[in-house]
Amino acid sequence: KETEEVFKVKKSSYSKKIVKQLKKEYKEDLEKSKVRTEVNSPTDVEPPLEKTGQIKDIGQEDGTANSEHGEEEMEVESEKEEEKPKAGGAFSSALSSLNVLRPGEIPDAAFIHAARKKRQMARELGDFTPVDSEPGKSRLVREDENDASDDEDDDEKRRIVFTVKEKSQRQKIAEEIGIEGSDDEALVAGEQDEELSRWEQEQIRKGINIPQACIYQPAEVNNLYYQNTYQTLSYGSSYGIPYTYAAYGSSETKSQKTDNTVPFKTPSNEMTPVTIDLVKKQLKDRLDSMKELHKANRQQYEKHQQSREDSTKAIERLEGSSGGIGEQYKFLQEMRGYVQDLLECFSEKVPLINELESAMHQLYKQRASRLVQRRQDDIKDESSEFSSHSNKALMAPNLESFGRDRVIYQEQVKRRTAEREARRARRRQAREQTGKMADHLEGLSSDDEETSTDITNFNMERDRILKESSKVFEDVLESFYSIDCIKSQFEAWRSKYFASYKDAYIGLCLPKLFNPLIRLQLLIWTPLEGKCRDFETMLWFESLLFYGCEEQEQVKDDADISLLPTIVERVVLPKLTVISENIWDPFSTTQTSRMVAIVQKLVDGYPSVVNAENKNTQMLLKALLLRMRRTLDDDVFMPLYPKNILENKNSGPYLFFQRQFWSSVKLLGNFLQWYGILSNKTLQELSIDGLLNRYILMAFQNSEYGEDSIKKAQSVIACFPKQWFTNLKGDKTISQLENFCRYLVHLADTIYRNSIGCSDVEKRNAREHIKQIIKLLASIRALDHAVTVANDHNVKELKILIEGK
């Protein structure tokens, strides 16, 4: 280890110094032991031939000692020093003296001393170090000549094992002198070092009589860099000596195990000669393999080229088939942002629109409720005034006994009476001016006149609501509240990218999107008023009328075609439902006619309204029925007076009775105006069972039998739809009219009895009245009753009367 450190420091002078020292020491040792060695050397053992110039390669074998080419090559690697051949010869003779012992022969002191010197020199040079047979124990080699006897005893009992360093001494010297050999040369040198070490160990084993351990088989080594075959001596053919590469140097290397031994295989003496054919064959094989590799690479290259061409074509095809995908994406992103802003705007404004709409409905509802309540109060006042059975308790049942509240009540009654008579006088005056006074009957007019105070308050509140409605979108851009602007945005989407437009179900979303804006325009729309504007002439209707109706061919199942019907269904029908429930007065013929007209228009022009499964339509019809039933229960009143009271046609009870009768007939006609909209069963239940049989027939029984009763019967029958009787089979009318038919038969009998004993003129008049009754029975398809009356009173013109119905 110290020698290596010195060797690293003094690289330039180390080789020469060691060589000179070796020469000097070995000359002295060999001269002293020359005589003894020659005597004891057998003649049948030949020492191995050493290569000249290999001073430091102690323990290596060289099978080419007789080769001059090898000697010249080693001399070049040893820097061509002149003194090295001499030293090599001395060292060769020393090695020869170590190998002449026969098996079992005891070496003398000179032989042992030479061996020890050889081992010490090898240890100093760093080629190998002695290793004990047992791991973990080391043996110090002493150089003192006085303990030679102890060493001889130890050597006889101990197996000498030399460990070879990773680098041979020859390689180290070559590195110091600046000669860099190839890898093959280093391999040959390492093999030579191993063979020389094995030869030295075998000679020492012969001297100490150690039995053989194993037999090694020669190995074949082919060296393509030399064209000659070297015949090496099979040292150790009888003895197999294991050798160990011991860790020598750093502490990390020393930590390795020292007992790892591997068997040494001697190089084979048979090597394949390198010929031109062999080289050609190898070159040909190499060329064939390269051709195959080139062919595979060529195929891979063609495959990649084809893949590249396909990818290029695909890119071109995709770029060409994009069809403005970028522009579409940009447009859709803009539409997405616009729709989000629009929805955020509506989320803020829709509650305000709902409040304004509710306020307007409440305003109209209050006015309608005020008029209905006034009519009911007037009926109560007149009924109490003209009732013969009335008393003060009935007139004011909840009044105190002291009469203080009674005075207030009477004052209110007088005030209402005065207002009622004033309204009737104004209506009468208006009829006189228009020339309708002769045909008018009391009770047929609707008392819907309002006071100036009520009109002023109503107009002020309505103007306030309209003013508030105009401020709803005052802080919003026109593109977010104008129906035309919003429509144009979606029309552009429809015309450019109809597929995405359809996939987004915009046709189904537009009615809901336009709903708040249309309801804001319909805020004061009330079809019950004469000056109300038709919704089909409004701006929103005209703007959306031709939406989705381009010149191009219409797409099947296009939702935009039903845009307006859907808006009418979702906007107009709910508004009509509120109007019919809270504002419509069934006693008003004008309002009823207008209400029937608007509903009939929706039924005829909008198929979604006719659909029975439409919830909005069902809610509208339900509201109409509830309002008619409420009127029938709360507003219809038929007073009952004795006939002697009704004989005075100018009395108050007679006028009140006539007014209530004709108001009931008017209500009957208003109910039956809904024919074609409401079912026949529902109408017959309301008009015949609920009104005719319950109230009107009772008034007929209290009326005077004669021309007045026939006139009233004609008015009642005129209200019935003719379609009820056209499809009837047999001689009987509908079952609900049986009571009315029996009354007509009784009327005919009464007229006939009253005419008995009268003048001929009165008899002729009575007979004409009977014929009119037969016609009335025939008009409602009550042929059985008509035949009975004709037979009872000898009326021969029955067929003519029936056909002339």
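Reader: How do α29 and α30 run, roughly parallel or roughly antiparallel to each other?

Author: This is a predicted model, in which local features need pLDDT of at least 70 and side-chain atom pairs count only at pLDDT 80 or more, while totals for chains, interfaces and linings use all residues. Residues are numbered from 1 along each chain as its sequence is written, and side-chain values use heavy atoms, without hydrogens and water. Helix α29 (738-755) packs against helix α30 (760-779) at about 170 degrees, their axes 9 Å apart. The two are therefore roughly antiparallel (angles over 145 degrees; under 35 is roughly parallel). Helices are DSSP runs of H or I, at least four residues, and angles run from 0 to 180 degrees between N-to-C directions.

Reader: Which residues of α29 and α30 meet there?

Author: Among them are Leu-744, Ala-748 and Ile-751 of α29, and Ala-766, Ile-770 and Ile-773 of α30 (contact: heavy atoms within 4.5 Å). By class, this contact has 12 nonpolar, 2 polar and 2 charged residues.

Reader: And α12 with α15: at what angle do they pack?

Author: About 170 degrees, with their axes 10 Å apart, so α12 and α15 are roughly antiparallel as well. The residues in contact include Leu-363, Arg-367 and Arg-370 of α12 and Phe-458, Glu-461 and Ile-465 of α15. They divide into 7 nonpolar, 1 polar and 6 charged.

Reader: Turning to the largest pocket, how much space lies in it?

Author: About 930 Å³. Of its 47 lining residues, Ser-446, Asp-447, Asp-448, Asp-585 and Ser-588 are closest to the centre. A pocket is an open set of 1 Å grid points that fit a 1.4 Å probe, with protein on both sides within 12 Å along at least five of seven lines; lining residues have an atom within 4 Å.

Reader: Which helix gives the most to that lining?

Author: That is α12, with 9 residues. The lining has 13 nonpolar, 13 polar and 21 charged residues.

Reader: What is the average pLDDT of the chain?

Author: The average is 75, and 67% of the residues score at least 70 (pLDDT is the predictor's confidence, from 0 to 100). Residues 37-94 fall below 50, although this stretch has 116 contacts beyond near neighbours in sequence. Residues 128-165 also stay under 50. Where pLDDT is low, predicted coordinates should not be read in detail.

How values were computed
Points joined across faces, edges and corners; volume = space filled by probe spheres on them. Nonpolar A, V, L, I, M, F, W, Y, C, P; charged D, E, K, R; others polar. Parallel < 35°, antiparallel > 145°, perpendicular 65-115°, else oblique.
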